[in-house]
Amino acid sequence: MTTPTEPPKAIAAAVETLALAGRRLTHLRKVPGRLLAITLNSLITMLAIGYVFKGAVSVEGGGSYPEFLFPAALMQVGLAGIAPTAIAVAMDLKGGLTDRFRSLPISRPAVLFGHTIGDALVGLIALAIVAGIGLAVGGRVHAGFPALLAGLAVLALFLYVMIWVGVLLGLSMGNPESIDGVGAVLTLGLSFLSNAFMAVSQLPSWVRPVAEWNPVSSVTTLCRQLWGVPVPADDSFPAQHPGIVVAVTLVVLFAAATLLSFRRYRLA
């Protein structure tokens, strides 16, 4: 009689990760408001601000304001995903589910990676919804379908890194009520202290250095360039080389968020 052989650890960890990601998607069916919250934030930005101020805000270099705002609204999907992820992690921690996962013979990285992959899939659904509505109400991509896919890939990477920031926030704070307020501050603060809604040159002088080096500005600028959307003139390094800034920033944020998250998970 032969004993069944155990699968390789890498395969077992992958299966566990996918199972835990499926748990997050199953949870979405019970709480669809999570998808609604992520989507509405960007839609309000695009529909309310885009149409209320389209006649009051002039876009340097030509183009309409809804067109200018389109990449920024998609970028906000990533920012809006920070708080829901952080709250879910904090609730698992507070409710004892994290301790139950630790007691199971499963890979510890699989717990966090499964969580982030599940939330990333929800974010991609929200991104697709916002993109479809945005194209219907004035958003434009002038550089063709490959450029559209390239921009969406940048936004998807930004989304996934922000989800890891949410994981770190949830493990660090552990209080869902406090996280909700911090998430709102991050979403609004990073958006308004950037070139998402208007050119950096139109911001107060003391805000401009912050807006220029804000990673949100580089992500938005890169998408505008890829999609052929008019970009206001800006001689700063981040505006001239948004691809370099986005690559370096996302790699550093991802490395820091994952390493610190795993450390907090072991100590929580």
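The structure discussed here is a predicted model.

Q: How many helices and how many strands does the chain have?
A: Read from the N terminus on, the elements run α-α-α-α-α-α-α-α-α-α-α-α. The secondary structure therefore comes to 12 helices and 0 strands.

Q: What percentage of the contacts between residues at least 6 apart in sequence join residues at least 24 apart?
A: Contact here means heavy atoms within 4.5 Å. Among contacts in the chain between residues at least 6 apart in sequence, the share that joins residues at least 24 apart is 82%.

Q: Are helices α7 and α10 roughly parallel or roughly antiparallel to each other?
A: Two packed helices are described by the angle between their axes and the distance between the axes. For α7 (residues 145-173) and α10 (residues 215-227), the axes are 8 Å apart and the angle is about 165 degrees. Angles over 145 degrees count as roughly antiparallel. The relation of α7 to α10 is therefore roughly antiparallel.

Q: How many residues in the contact of α7 with α10 are nonpolar, polar and charged?
A: On the α7 side the contact includes Ala147, Gly151 and Phe158, and on the α10 side it includes Val216, Cys223 and Trp227. Gly counts as polar, whereas Ala, Phe, Val, Cys and Trp count as nonpolar. The residues of this contact divide into 13 nonpolar, 1 polar and no charged.

Q: Which handedness does the crossing of α3 and α8 have?
A: The axes of α3 (residues 65-80) and α8 (residues 176-192) come within 9 Å and cross at roughly 145 degrees. Met75, Gln76, Leu79 and Ala80 of α3 meet Thr187, Leu190 and Ser191 of α8. These residues divide into 4 nonpolar, 3 polar and no charged. The crossing of α3 and α8 is right-handed.

Q: Is Asn195 buried or exposed?
A: Asn195 lies in the loop between α8 and α9. Leaving aside neighbours within four places in sequence, its contacts include Phe68, Val216 and Arg224. A residue counts as buried when its relative accessible area is under 20%. The relative accessible area of Asn195 is 9%, so Asn195 is buried.

Note on methods
Residues numbered from 1 in each chain as written. Predicted model: local features only at pLDDT ≥ 70, side-chain atom pairs only at ≥ 80, totals over all residues. Heavy atoms only, no water. Axes fitted to C-alpha atoms, helices over the stretch in contact; angles between N-to-C directions. Helix = DSSP H or I, 4+ residues; strand = E, 2+ residues; numbered from the N terminus. Parallel < 35°, antiparallel > 145°, perpendicular 65-115°, else oblique. Left-handed = near helix turned anticlockwise from the far one by under 90°. Buried < 20%, exposed > 50% of the residue type's maximum accessible area, 1.4 Å probe, protein only.
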